Amino acid sequence: SAGCSVAQVLLHVVRPAVVALRRRRGFIHHALDLGGDAPLAEIRLGFVRAITLQEMPVGHELDLLVAAIQAGRRVREVGVIALRKPLLVGEWPDHPSGEVVRLLTAMLHGDREVTLLNCSHRRLVSWHTRALAAALKVNKTLLELHLNKNEASDAGAMAIAEAVRTHPALQVLDLSENGVTDEGALAIADAIIAATAGARAQCPLLALGLRGNRVTDRGAVALARAMRTKGVKIEALRLDRNLVADEGGIAIADAISHGAPLIELRLDGNAKLSDAAVHALSDAVRASKRIQELDLSGTGIRAAGARALGAAAKDSRTLRVLRLATNPPIGASGVGALLGQALLSRHCALQEIDLENAQLPAAELSGLARALASNRTLRVLAASGNRTNRTFGALLAKALEENRQLRDVRLDKCALDSSA
């Protein structure tokens, strides 16, 4: 019509046609940065599945977003990149962290098909977490809850644990770097066991992340007891950078040996973990038909424990990733030679070996390089910070002429000479 601008034509004619086309094709955005009314309209119409917020909306903007999410009922994932500056201090919902919780709890209550919530690194404290836990009790569809790098503490962990007891779908729970101690770990373990006592007779949780907390043997033993419970299906346990020592390590190894379906175990950074636990874990690797990834970097492993792990890797048909980095006492253990033998085994499954900063002698690294010529499984060899010589360089070069599977070789700070 007369006086109608090109922008108006695009807004009133072209855009509805595009929206209709998206509806017919089932088009769904995988990420969306909010700005203006157009994104909110697409949320309301049900075309948006995942939202990435560059900064947290507040006040009326947040009200509009929550209303759009509840109307569209298609948003499954939400993430917040940054909070507004300056940070406000006060009661929820004035505090920016409170605004985050307000949005997420509204999603849990209003949209019962949300499957992932990521509120990592948002300065949430225990009462924020309790608000999320209360909303989680009425939600039936959430699959992943990521709360790492907050300040939930034991109180927040206990609140989340209460929700885990009855939640029918939650598969991934990450409470890493939240100041959780044994009390929080015990509450989570009890909740996992209690979940198996319900009508479902099993706990849906598959991955539990408690990295960088203050869990000791007491908490690790409780989690191991939960993993041995019938109906518990946890496949990934991340207890790296805690305070776990031999008692906790042995308890976890015992759970694996008795059928716990663990696939990934991370205990790196637990400096008090010594050979007593490592021997038990080696036996567990042999006994397990499922374990694929074991990380014991930066622990208290000595030569005998390293040899036991190398022998276990040789016998295992499932172990794909073995990380023993930053364990200088294992340098003269012979683990390099044992892993070289493992790589030559016809049933070898190893895809990644990490021996960085382990002070391995050049002869052991040469054994690994020689094995690479015929191995067809290894993808990553990390050996930075070890001692090499000209023989190793020649063997590795020859192996790389034959090997077409290796993708990543890390040899920085190995003093390779020009001929190598």
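## Two helices side by side

Let's start with helix H13 (residues 362-372) and helix H14 (residues 390-402), which pack at an angle of about 15° with their axes 8 Å apart. Axes here are lines fitted to C-alpha atoms, for helices over the stretch in contact, and angles run from 0 to 180 degrees between N-to-C directions. That angle makes H13 roughly parallel to H14, a label for angles under 35 degrees. Helices (H or I, at least four residues) and strands (E, at least two) are DSSP runs, numbered from the N terminus.

Which residues of H13 and H14 meet? From H13 come Leu365, Ser366, Ala369, Arg370 and Leu372, and from H14 come Thr391, Phe392, Leu395, Leu396 and Ala399. Contact means heavy atoms within 4.5 Å. The residues of this contact split into seven nonpolar, two polar and one charged. Ala, Val, Leu, Ile, Met, Phe, Trp, Tyr, Cys and Pro count as nonpolar, Asp, Glu, Lys and Arg as charged, and the others, Gly among them, as polar.

## What you're looking at

This is a predicted model: local features need pLDDT of at least 70, side-chain atom pairs count only at pLDDT 80 or more, and totals for chains, interfaces and linings use all residues. Residues are numbered from 1 along each chain as its sequence is written, and side-chain values use heavy atoms, with hydrogens and water left out.

## The nonpolar core

The largest nonpolar core has 97 residues, and Ile252, Leu265, Leu296 and Leu350 have the most contacts inside it. Such a core is a set of buried Ala, Val, Leu, Ile, Met, Phe, Trp, Tyr and Cys residues joined through side-chain atoms within 4.5 Å. Helix H7 (residues 182-195) supplies the largest share of this core, eight residues.

Leaving aside neighbours within four places in sequence, Ile252 is in contact with Ala220, Ala224, Met227, Leu237, Leu239, Leu265 and Leu267.

## A mostly covered helix

Helix H8 (residues 217-227) has eight of its eleven residues buried, meaning under 20% relative accessible area, with exposed over 50% and partly exposed in between (1.4 Å probe, protein chains only). Among the buried ones are Ala220, Ala224 and Met227, the trio that Ile252 also touches. The buried residues of H8 pack against H7, strand E6 (207-209), strand E7 (236-238) and helix H9 (246-257).

## A look at Lys314

Lys314 sits in helix H11 (residues 303-315). Is Lys314 buried or partly exposed? Lys314 is partly exposed, with a relative accessible area of 33%. Not counting residues up to four places away in sequence, Lys314 touches Gln341, Ala342, Ser345 and His347.

How values were computed. Parallel < 35°, antiparallel > 145°, perpendicular 65-115°, else oblique.
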